Amino acid sequence: MVAAVERNLQENDAQSDPPRREYQELWFALARKSWRSLAIVAVDREESASEITNALGEVARMLDERVSFFAPIDVLDYVSVAGIFSAANANFAADIPRPVKAPVRSIAILPPVVRNPLALKVATAADVMVICVEIGKTRLSAVRRTIELIGRDHVAGCVLIG
């Protein structure tokens, strides 16, 4: 099954440390675009994408944004998450009247799309993608290949993890 978690400020303890400034800046850079679904794509290790996703979740909590996280754990889950992203994007593009309450934004943590074609399906269904690059570990050729597979127009940027 798809592991999904919805976070909301009212449900969380407000006494945690604020997220690092870099992740706050990333959230606001992504907020310049209109999006409901975000894919965090790892080039090497899925753990690097998880770190960024957790940090973005903290920023969302701080801003009282509603966010669902998807961490696909088997083959059928990738297809389900791609369907969820596609449906949310179709409603958004069709200009269906917006609810008073802000819609839930969805973030998916994806393994390297070079090794997992189903993860590629989810990545291309998302409104926005961020690629995770590990300093000193990720090869430039792997990053290029990932961008080629996803398509440059779908990539919002890369995040370097030290």
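The dialogue below explains how to read several features of one predicted model.

Trainee: How many helices and strands does the chain have?

Mentor: Helices (H or I, at least four residues) and strands (E, at least two) are DSSP runs, numbered from the N terminus. Here there are five helices and six strands, and along the sequence they follow the pattern β-α-β-α-β-α-β-α-β-α-β.

Trainee: How is the packing of two helices described?

Mentor: Two packed helices are described by the angle between their axes and the distance between the axes. Axes are lines fitted to C-alpha atoms, for helices over the stretch in contact, and angles run from 0 to 180 degrees between N-to-C directions. In this model, α1 (residues 21-31) and α2 pack at about 75 degrees, with axes 9 Å apart. Angles of 65 to 115 degrees count as roughly perpendicular, and α1 and α2 are therefore roughly perpendicular to each other.

Trainee: Which residues of α1 and α2 make the contact?

Mentor: Contact means heavy atoms within 4.5 Å. Tyr23, Gln24, Leu26, Trp27 and Leu30 of α1 meet Ile52, Ala55, Leu56, Val59, Ala60 and Met62 of α2.

Trainee: Which residues of α2 are buried?

Mentor: Buried means under 20% relative accessible area, exposed over 50%, and partly exposed in between (1.4 Å probe, protein chains only). The buried residues of α2 include Ile52, Leu56 and Val59. Over the chain, buried residues make up 43% of the 162 residues.

Trainee: Which residues touch the most other members of the largest nonpolar core?

Mentor: A nonpolar core is a set of buried Ala, Val, Leu, Ile, Met, Phe, Trp, Tyr and Cys residues joined through side-chain atoms within 4.5 Å. The largest one has 24 residues, of which Val41, Phe85, Leu110, Val122 and Ile150 touch the most other members. Helix α4 supplies the largest share of this core, five residues.

Notes. Residues are numbered from 1 along each chain as its sequence is written. This is a predicted model: local features need pLDDT of at least 70, side-chain atom pairs count only at pLDDT 80 or more; totals for chains, interfaces and linings use all residues. Side-chain values use heavy atoms; hydrogens and water are left out. Angles under 35 degrees count as roughly parallel, over 145 as roughly antiparallel, 65 to 115 as roughly perpendicular and the rest as oblique.
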